[in-house]
Amino acid sequence: ESDAGDYTCVCGDKQSTASLAVHALPVLFKEELKNKEVQEGASVTLSCELTKEAPVQWKIGPKVLKASDKYQMRQSDTTAELVIQDLEVKDA
């Protein structure tokens with residue numbers, strides 16, 4: 001998208017200008033989240049991969065998760081990860 005704009009070709013005292021519009025592709029899931037089963041007290045990492053770099057939000061049901069000692073969110077390029085520490089039955 002940052003490549004959009006007016007481009008000009010100049011030859012001597014003549015020039016030709018064109019406007020370039022760049023339409024962004026939608027962000028899709030290249031690799032979706034996978035179901036996991038783990039023991040109480042353990043930790044787990046949930047991860048997904050997007051088709052391009054974009055911000056993500058993690059939720060459990062309707063509740064938006066915030067980074068804490070229990071929940072750690074990491075994102076590197078197109079991969080997003082949620083690490084949940086010290087799992088309890090209620091975390092399912």
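1. Let's start with Lys 90, which is exposed because its relative accessibility is 65% (exposed is over 50% relative accessible area, buried under 20%, partly exposed in between, with a 1.4 Å probe and protein chains only). Salt bridges with shared partners tie Lys 90 into one network with Lys 70, Glu 88 and Asp 91. A salt bridge here puts a side-chain nitrogen of Lys or Arg within 4 Å of a carboxyl oxygen of Asp or Glu.

2. A word on what you're looking at: this is a predicted model, where local features need pLDDT of at least 70 and side-chain atom pairs count only at pLDDT 80 or more, while totals for chains, interfaces and linings use all residues. Residues are numbered from 1 along each chain as its sequence is written, and side-chain values use heavy atoms, leaving out hydrogens and water.

3. Glu 88 meets the side chain of Lys 90 in a salt bridge at 3.9 Å, N to O. Glu 88 also forms one with Lys 70, where the closest N and O atoms are 3.9 Å apart. Strands are DSSP runs of E with at least two residues, numbered from the N terminus. Glu 88 itself counts as partly exposed, at 36% relative accessibility.

4. Now the sheet: 4 strands make an open, antiparallel arrangement in the order S3-S4-S8-S7. S3 (29-31) and S7 (71-76) are the edge strands, each pairing on one side only. Two strands count as paired if DSSP finds at least two bridges between them.

5. S8 covers residues 79-84 and is joined to S7 by 6 bridges; Gln 72 stands opposite Val 83 in S8.

6. Another salt bridge pairs Glu 81 with Arg 74, with 2.9 Å between the closest N and O atoms. Glu 81 is partly exposed at a relative accessible area of 23%, and Arg 74 is partly exposed too, at 43%. How many salt bridges does a search of the whole structure find? It finds 6.

7. Finally, the record: UniProt lists residues 29-92 as "domain: Immunoglobulin I-set", in an unreviewed entry. UniProt annotations may be inferred rather than shown by experiment. In the model, that span is 0% helix and 41% strand, and its end C-alpha atoms lie 23 Å apart.
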